[in-house]
Amino acid sequence: MRLVSPIEIAPDLALGEGVATRRKPTPQDMKDAEAALAAARAIGALDIGQAAVAVEGRVVALEAAEGTDGMIARIAELREKRRIPKAGGVLAKCMKPRQDPRLDLPTIGPATARNIKAAGLAGIAAEAGRTLVAGRAETTGALDAAGLFLLGVKT
C-alpha cells in the first residue's frame, strides 16, 4: 500500500493561484496577507502551526495547539476587548516545511468562512497548490455571501 496526498488523487481539491471569490483583496488586505503569511511560515519552520492573522499590517495571532478555529476565536475576543481594531485583517494558512503533505494539509472549509466572518476578518490568503478547499462551492459561496475573499498565493 502506498500513502499519497489527497491533492495527488484529486488536484481539484487544491486552492489555485489568485482570487477564488467575487471580492478581491484591497491594498491593505494584501499588506495584511503578506504579514500573516510571513508569520505562518515562521511558526511553520518551528513546527508550531500553519496559520496566523494580521490586522493593519501587524501580526495579532499565531496558531498553536488550539488549532485554526481556536486562534480565530481569539481574534473575536481581542476585538471585544478592544485590543485590536473592530474589523479587518487576514487569516493566512500555509504548510509547514517539514510537514508530510500526505497527512495534514492546511484546509479551508465552510466553517472557516463562518468563523472568519464572526471574527470580523476580511478574508483568507493561503498557499496555492498546497491548501485543501473542502466543499469548494459551499466554502466560496459562504465567503461570497459574507463579502470576504479567498486568495491563493504561490510561495
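Is the crossing of H4 and H5 left-handed or right-handed? It is right-handed, where right-handed means that the near helix is turned clockwise from the far one by less than a right angle, and left-handed anticlockwise.

Before selecting anything, note that this is a predicted model, in which local features need pLDDT of at least 70, side-chain atom pairs count only at pLDDT 80 or more, and totals for chains, interfaces and linings use all residues. Residues are numbered from 1 along each chain as its sequence is written, and side-chain values use heavy atoms, with hydrogens and water left out.

Start with the whole protein chain. Its secondary structure comes to five helices and eight strands (DSSP runs numbered from the N terminus: helices are H or I with at least four residues, strands E with at least two). Along the sequence the pattern reads α-β-α-β-β-α-β-β-α-β-β-α-β. The C-alpha atoms fill a box of roughly 50 × 35 × 25 Å along the principal axes. Of the 155 residues, 47% count as buried (under 20% relative accessible area, with a 1.4 Å probe and protein chains only).

Next, select residues 110–118, helix H4, and residues 136–146, helix H5. Their axes, lines fitted to C-alpha atoms over the stretch in contact, come within 8 Å and cross at roughly 20°. That makes H4 roughly parallel to H5 (angles under 35 degrees, taken between N-to-C directions on a scale from 0 to 180 degrees).

Now show the side chains. Pro110, Ala113, Arg114, Ile116 and Lys117 in H4 meet Glu138, Thr139, Ala142, Leu143 and Ala146 in H5 (contact means heavy atoms within 4.5 Å).

Terms used. Angles under 35 degrees count as roughly parallel, over 145 as roughly antiparallel, 65 to 115 as roughly perpendicular and the rest as oblique. Buried means under 20% relative accessible area, exposed over 50%, partly exposed in between (1.4 Å probe, protein chains only).
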